[in-house]
Amino acid sequence: MSEHSKAVHIQEVDAVDERLPTGRLFTLGLQHVLVMYAGAVAVPLIVGRALKLSPEQVAMLISADLFCCGLVTLIQSLGFGRHFGIKLPVMMGVTFAAVGPMVAMANVQGGPEGARAIFGAIIGAGLISMAIAPLMSRLLRFFPPVVTGTIIAIIGISLMRVGIGWAMGGPAPTAQSVDVPKLVAMVDAAKAKAAEAAATLPPGASAPEMKLPGPVPMKDNPNYGALDNMGVAAFVLAAILLLVRYGRGFVANIAVLLGIVLGCFVAVGMGKMHFDKVAQAHWVDIVTPFAFGMPTFDLVMVLTMTLVMIVVMIESTGMFLALSEITGRKISQRDLSNGLRTDGLGTLIGGLFNTFPYTSFSQNVGLVGVTGVKSRWVCVAAGIIMLVLGMLPKMAALVESVPTFVLGGAGLVMFGMVAATGIRILANVDFKTSRNNLYIVAISIGAGMIPLVAPRWTQQMAHSLHPLLESGILLTSISAVALNLYFNGGKADEAASIEAAKTAEAH
């Protein structure tokens with residue numbers, strides 16, 4: 001290795017391992033926490049309500065979730081022994097890929113009994129995931145730039161839906177609801193008309209079918225797409241762009257956090273941000289394992305959750321590759337194995353502490369790209385903040401009080417940066433002499449868009465396939481890898497081949 005190469009290598013390592021001053025670490029770490037908080041608490045809210053748990057039990061799930069987010073983030077970014085932690089700026093949070101199966105399990109059995117069954121499935125899946133992590137890490141050689149760029153682009157595109165939903169006040173299905181009074185009136189009118197027609201029929205004739213005179217009446221949700229909410233989201237977006245353009249140094253680095261804070265001030269002034277939950281919350285709450293009792297284990301539920309974890313680990317591979325590109329630190333097969341093994345360990349910890357499967361949070365990958373701060377110690381600080389929030393419900397309630405439409409303006413910036421990173425990788429792909437790469441990108445992005453534009457496309461398929469087929473990131477990953485093997489024979493360019501060889505030797 002030349003002296004110049006050694007210098008570059010040291011600079012790259014320093015960027016990831018750099019220890020910033022405590023004040024900056026706290027501020028930048030808090031920014032990561034604010035970015036992921038809404039997504040982190042969403043899963044325990046959804047699953048807790050599906051289980052029909054009491055508000056106190058749902059609050060317990062949220063506290064446990066925040067605590068485990070912090071603990072697993074520390075393991076992943078700080079490292080734990082030789083086999084755990086990828087040692088990159090990674091924030092770990094509950095994966096949304098597991099929500100569907102867990103809600104289905106909750107619908108079969110609710111209450112604390114259902115919670116214990118879910119936690120048992122999570123513990124079993126965590127143990128299996130830790131065992132298969134080295135096998136999953138061998139997939140690295142199937143991810144040349146044409147594949148990784150496509151996957152990272154679809155990650156950003158998929159996440160844009162989350163950011164837009166935040167700005168709109170909820171996901172698209174919440175825009176309208178059934179107008180029950182009008183529907184009742186329509187049904188009564190249809191019944192009366194059918195009865196009147198039946199009275200004129202001869203004896204023995206079959207009664208006419210009751211038909212509604214029109215489509216089911218819907219009414220608009222006044223909170224969806226509210227102009228004042230979208231105005232605040234636009235204000236946050238504009239504030240971030242102004243800070244990025246005209247800010248210098250540290251101010252530019254925390255542009256997203258400052259934009260969210262400014263948005264909160266505007267929301268308070270408009271009377272849209274309240275602190276009632278903060279006043280009602282307790283100051284201290286200790287997270288304990290097995291709060292619902294000893295978990296129960298069902299083989300089918302464990303295997304179902306293991307399938308979810310396979311999805312999660314493939315998605316995590318894309319996240320880790322994105323961070324490798326953003327930070328400039330190359331990851332070996334052993335590094336990837338350690339990162340994926342931590343996904344399994346985090347899931348095991350989640351099951352023990354009354355929470356759910358964990359994976360690297362895509363939102364925070366975008367934040368690393370926006371801020372340009374590559375130090376993993378920022379995520380270590382964020383992990384400590386999450387641990388504290390998990391034990392201080394009053395502080396957690398303060399963060400929770402940030403309206404989602406405020407986060408929406410910041411989400412557009414951060415999630416768009418993930419897509420932009422994928423596009424930047426694709427810009428270095430040879431499309432001129434290897435025109436088949438165009439088909440790899442085009443078809444793979446199209447496959448990833450299917451769940452976004454047709455979310456119920458799997459309704460005629462076996463339910464066991466839904467966790468796999470409802471992930472656009474997974475569909476893009478499978479499509480890109482398969483098409484790359486078909487067109488390119490799984491052979492990357494010379495540099496990628498050398499890197500793959502080094503990876504094999506390192507392992």
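Phe487 is partly exposed in this predicted model, at 27% relative accessibility, where partly exposed denotes the range between buried (under 20% relative accessible area) and exposed (over 50%), computed with a 1.4 Å probe on protein chains only. The model is a prediction, in which local features need pLDDT of at least 70 and side-chain atom pairs count only at pLDDT 80 or more, while totals for chains, interfaces and linings use all residues. Residues are numbered from 1 along each chain as its sequence is written, and side-chain values use heavy atoms, with hydrogens and water left out.

Rings of Phe, Tyr and Trp (its six-membered ring) are taken to pair if their centres lie within 6.5 Å; planes under 30 degrees apart count as stacked, over 60 as edge-to-face and the rest as tilted. By this rule there are six aromatic pairs. One of them is formed by Phe119 and Phe356, a tilted pair at 6.2 Å centre to centre with 40° between the planes. Because Phe119 belongs to helix α5 (residues 111-137) and Phe356 to the loop between α13 (333-352) and β4 (358-360), the pair ties together parts that are 237 residues apart in sequence. Helices here are DSSP runs of H or I with at least four residues, strands are runs of E with at least two, and both are numbered from the N terminus. Phe119 is buried, at a relative accessible area of 4%, and Phe356 is buried as well, at 1%. The pair of Tyr486 and Phe487 is edge-to-face, because the ring planes stand at 65°, with the centres 4.8 Å apart. Ring pairs also join Phe119, Phe292 and Phe356 into a cluster.

A charge over a ring is found at Arg245, which lies over the face of Tyr246 at 4.9 Å from the ring centre. The criterion asks for NZ of Lys or CZ of Arg within 6 Å of the ring centre and within 35 degrees of the ring normal.

Side chains of opposite charge can pair when their charged atoms come close. The structure holds one salt bridge, defined as a side-chain nitrogen of Lys or Arg within 4 Å of a carboxyl oxygen of Asp or Glu. Here the side chains of Asp228 and Lys272 meet at 3.0 Å, N to O. The bridge links distant parts of the chain, with Asp228 in helix α8 (residues 227-246) and Lys272 in the loop between α10 (255-269) and α11, 44 residues apart. Asp228 is partly exposed, with a relative accessible area of 34%, and Lys272 is likewise partly exposed, at 29%.

The loop between α11 (276-280) and α12 (299-327) holds Phe290. Most residues other than glycine have a negative phi. Phe290, although not a glycine, has a positive phi of about 55°, and it is partly exposed at 31% relative accessibility. Gly293 also has its place in the loop between α11 and α12 and is partly exposed, at 29%. The C-alpha atoms of Gly293 and Arg116 are separated by 6.9 Å, although the two residues are 177 apart along the chain. Another positive phi, about 65°, occurs at Asn354, again not a glycine. Asn354 is found in the loop between α13 and β4 and counts as buried, at 2% relative accessibility.

Helix α3 (residues 55-78) has 24 residues and reaches 34 Å from its first C-alpha to its last, close to the 34 Å expected, the expected span being 1.5 Å times one less than the number of residues. Because 17 of its 24 residues are buried, α3 is largely enclosed by the rest of the structure. Gly79 follows α3 and has a positive phi, near 95°. Helix α17 (residues 404-426) has 23 residues and reaches 32 Å, close to the 33 Å expected. A kink of about 35° in α17 is centred on Ala410, the bend at a residue being the angle between axes fitted to the seven residues ending there and the seven starting there.

Finally, Thr476 has its place in helix α20 (residues 472-488) and is buried, with a relative accessible area of 0%. The side chain of Thr476 reaches the backbone oxygen of Ser444 at 3.0 Å.

Methods:
Polar contact = N/O pair within 3.5 Å; in protein donor to acceptor, adjacent residues only side chain to side chain.
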